[in-house]
Amino acid sequence: MSSLTIRNIFKNFGTVEVLKGIDIEAKTGEFVALVGPSGCGKSTLLAMIAGLESVSRGEIYIGDRLVNSVAPKDRDIAMVFQSYALYPTMTVRENMLFGMQSRGVPKAEQVAAIERVSSFLQIQALLNRKPGQLSGGQRQRVAMGRALVRDPQLFLFDEPLSNLDAKLRVEMRTEIKKLHSRVGKTTVYVTHDQVEAMTLASRIAVMHQGSVQQFDEPQTVYDRPANMFVAGFMGSPAMNFIPADLVADGNKTAVSFKAADGSMVKLALYNGAGDKAPGRRVILGIRPEHLFRFNDDLKAQKPGIATLTAPVELVEPTGAETMAVMRVGDLEVLGRFDPDGAPRTGENITLGVDMAHACIFDPETQRLI
Amino acid sequence: MADMAVANVATFDAEAAGARRRWVAGRVVIYAILVLFSLVYLMPLVVVILNSFRDLPEINHNGLIAWPRSFSFDSWFQAWGSYCVGGTCQGVKGNFFNSLAMTIPATIISTALGAINGYILSKWKFKGSDILFGCMMLGVFIPGQLALMPWAYLLGKIHLTNSVYGLILIHCVQGVSFTTLFCRNFYVNIPDDLIKAARIDGAGFWRILWKIILPISPPILIVTVIWQFTGIWNEFLFGVIFTSGTQQPITAALVALGSGGLTVHAYNVASAAVLIGALPPLLVYFLGGKYFVRGLTQGAIK
């Protein structure tokens, strides 16, 4: 059963089409993240689910009910905003009461709901404060509390962590994850931060220019990105893209491209078959963490290892890992190494490339082959 | 340690001392000019206040601008209750209350309308709402004199000439452009997310206005009320033209009092009447002045 179904949704602002046929569904209890760069339409889509924006074309169901023309208050949803949108003149308690009073919930239930939610979120001590007297994290918590008192069918989050500093953001992210696992409500979560999407969601919809590029589980989106946009957007630092040719290599197919010294490199595909016939142009996508300093142990551990030699141009230690910029042909390729045995600037390193994790894209359609 | 202490005492920085001297000299010049100008501005007020306590013969003898040699509250009582203006001898008391009866309702109504207009034009935009706002802003720039003829026609048609109610109507309509401008520009800075959150919470148009917008509004409402109150109270053109005698607001009555052709000019009574007429706006400024400055300079809540 799905508690949210979005079918072929379009949205126009005047002549500008900002959403072009979105299809997404969230099963009951699922945590769906809408992720994409700013302007991709994710916030508009969320506003349409909430009923704050009208639907130009298509259908939105919450549960089994078509809600296209249902008022926001009657959709049985609760929303947490990026700016928290706490009513500034009301205390925390009044903020949480406001919705229930508007809907005419009986007094006893109101009191019980405040009691339940404030102890759940541990904000009892804040109930009589005004939003101006709260820290960023506390406001965030109160905003979630205001959503929770409703006990809705659907939770909507609109970039709720963007206004917090980095440390608090990680804390609150964990908190939201815990919250979801305890409450178990269907949740739609908009973010431009792919790490948030990866860590929180049970499924991710990656959006770009008004359409969904891929809608799948986080690891699948990461490992098998549907196209070059998704591949480049998910993961930081981003995936390396190397234009190459598919060539025959013994009984296997390999990707072939120029190394820094002008010689041709051949990397055998780990599972090359089907569309990956020799003789076509492709783009090899390889993530920074799938480049290693080559040695014999590596070959034993990872079955898909192929090698290439590249000069190291720049090294950036971050403590936990060391980034290295290396030259391949005309391109710079970024690798992520363990600090022990990391490359040194000027070194000509022999790289082990884990071809089992390589992605091959069509240069024209940019799709995964 | 000892070396450093000696060095601190011993150094005399000629450059720093010079800068300090120039700074002091600059301040002296600036304050002297400021004091001079404030004296120029205060002079008329001082003359009027002093004359309101002088006897008429003494004024006539020593001239309008002179140090008082007599002192009495007589002219204040006359101006308030017994001086003859335009045929009736009841002072400006009645006109003072006319002005209150006109200014208070007109201020409240125009401010309320401005708040509702501003709320709609910022938070419930519709197709053409920006154009409508632009048209309303014309009212800010068009001088009131241009509206005299239309108002004369309209008041005649609806039988509100020579009536305080007619003036209330005029001031509500003439003022609504300003109040809308003030409120709209204040509300535009209130985050839209607040309205969205309230809509999801189940609040409608009026409940959002009443429970969320108005509680944030005191800074701008105080500004608007002060602006409207002083503006309407001090306005005299409409009062002079559309009312006469006992229906006149105090500003119009002061004009009549000043130009009473037959009698001797009673400068002391006129001074007292002018001060009576100026008291309410002054009072409003004293009570709300700090909010006025604060409201004009501060943005909305973050």
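**Notes on chains A and B**

1. In chain A, A:Val315 stands opposite A:Ala324, the latter lying in β17(A). The model under discussion is a predicted one. Strands β16 (residues 305-317) and β17 (residues 322-328) of chain A are paired in the antiparallel sense, with five bridges between them.

2. These two strands belong to an open sheet of five strands in chain A, ordered β15-β19-β16-β17-β18, whose pairing is antiparallel. At the edges stand β15 (291-293) and β18 (331-337) of chain A; each has a single partner strand, so one side of each is left without a neighbour in the sheet. On average, neighbouring strands of this sheet are turned by 50° against each other, direction ignored.

3. Chain A also touches chain B: 17 residues of chain A are in contact with 15 residues of chain B. On the chain A side, β6 (77-80) and α2 (92-103) each supply at least two residues. The largest share, four residues, comes from α2(A). By class, this side of chain A has eleven nonpolar, four polar and two charged residues.

4. As to chain A as a whole, nine helices and 20 strands are present. The C-alpha atoms of chain A fill a box of roughly 80 × 45 × 35 Å along the principal axes. Of its 369 residues, 40% count as buried.

5. A last point concerns contacts along the sequence. Among contacts in chain A between residues at least 6 apart in sequence, those joining residues at least 24 apart make up 64%.

How values were computed:
Residues numbered from 1 in each chain as written. Chains lettered and ligands numbered in written order. Predicted model: local features only at pLDDT ≥ 70, side-chain atom pairs only at ≥ 80, totals over all residues. Pairing = 2+ DSSP bridges. Axes fitted to C-alpha atoms, helices over the stretch in contact; angles between N-to-C directions. Contact = placed C-beta atoms within 7 Å. Nonpolar A, V, L, I, M, F, W, Y, C, P; charged D, E, K, R; others polar. Buried ≥ 20, exposed ≤ 12 C-beta atoms within 10 Å, placed from the backbone.
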